[in-house]
Amino acid sequence: MQEEAGGIEPEEDQEEVKHIEENKDQLRFLDDESEEEEGFTAVRPDMNLDSETALLEAVLFLESEPQTLEALAKITQFSTDVVMECIERLKDKYAAPDSGIEVSKILGGVLLTPKKDCFDLVKERYGKKNEGRLSKAAIETLSIIAYSQPITRAEIESIRHVNADNMMRILLDRKFIREVGKKDIPGKPVMYGTTNEFLEFFHLQSIADLPQLDEKESERFELAR
């Protein structure tokens, strides 16, 4: 009696079936691994970064100086991509009207700082913490240097019409100004400019962030040069 077609498998087909059966567990493992990689890529933008953001927030709170992405990645042991995502989450969090702080970019790094509106209300008490208050004369001298740098001591005195020795010494001691070279004129007087400490203290990213001078003050500074 002839068996139904397909009832008997050729020998080579039987060998192939046997090979597949023996290796099906390995094939299943490879399939699962592939699916896992694809799944990770798919959910990456929606990963829960609560604990990472909390840790980064604690680091920024404890650091007193601006930190670069690379420095934060090293401290937290996160990738720079995760650090950037956490920073964006903190920015969103602090954007709420009931938050008095924000993430600021200063000197190429990031730092937690008071929001300007809040800081303006409390800067008399906290703006100069651990450093004492600058006098009006020191503020004026520092402003001249900030807007006119590089500038010599004689040029500062020409603008202020008073001796600048004492104010210059105070600003140098506070590391708000520094020597930046010598002017190419007879006597080679020292020229001064502001420092990173100055930018950080006044929450500025660069000198370009200084408020614009009015026309009268701008002419006053230029006439002394």
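This is a predicted model: local features need pLDDT of at least 70, side-chain atom pairs count only at pLDDT 80 or more; totals for chains, interfaces and linings use all residues.

Me: Which residues are buried in helix 7?

Reply: In helix 7, which spans residues 153-160, the buried ones are E155, I156, I159 and R160. Around the axis they take up an arc of only 130°, so they sit on the same side of helix 7.

Me: On to packing. At what angle do the axes of helix 2 and helix 3 cross?

Reply: For crossing angles, 65 to 115 degrees counts as roughly perpendicular. The axes of helix 2 (residues 50-62) and helix 3 (residues 69-76) cross at roughly 115° and come within 11 Å. That makes helix 2 roughly perpendicular to helix 3. The crossing is right-handed. Helix 2 brings L55, L56, V59 and L60 to the contact, and helix 3 brings L72, I75 and T76. By type, that contact has 6 nonpolar residues, 1 polar and no charged.

Me: And how does helix 2 pack with helix 4?

Reply: Here the angle is about 80°, and the axes of helix 2 and helix 4 (residues 80-94) are 9 Å apart. By the same cut-off, helix 2 is roughly perpendicular to helix 4.

Me: What types of residue make up the contact of helix 2 with helix 4?

Reply: The contact residues divide into 8 nonpolar, 1 polar and 5 charged. Among them are D50, E52 and E57 of helix 2, and R89 and K93 of helix 4.

Terms used: Residues are numbered from 1 along each chain as its sequence is written. Side-chain values use heavy atoms; hydrogens and water are left out. Buried means under 20% relative accessible area, exposed over 50%, partly exposed in between (1.4 Å probe, protein chains only). Helices (H or I, at least four residues) and strands (E, at least two) are DSSP runs, numbered from the N terminus. The arc is that of the directions from the helix axis to the C-beta atoms. Axes are lines fitted to C-alpha atoms, for helices over the stretch in contact, and angles run from 0 to 180 degrees between N-to-C directions. Angles under 35 degrees count as roughly parallel, over 145 as roughly antiparallel, 65 to 115 as roughly perpendicular and the rest as oblique. A crossing is left-handed if the near helix is turned anticlockwise from the far one by less than a right angle, and right-handed if clockwise. Contact means heavy atoms within 4.5 Å. Ala, Val, Leu, Ile, Met, Phe, Trp, Tyr, Cys and Pro count as nonpolar, Asp, Glu, Lys and Arg as charged, and the others, Gly among them, as polar.
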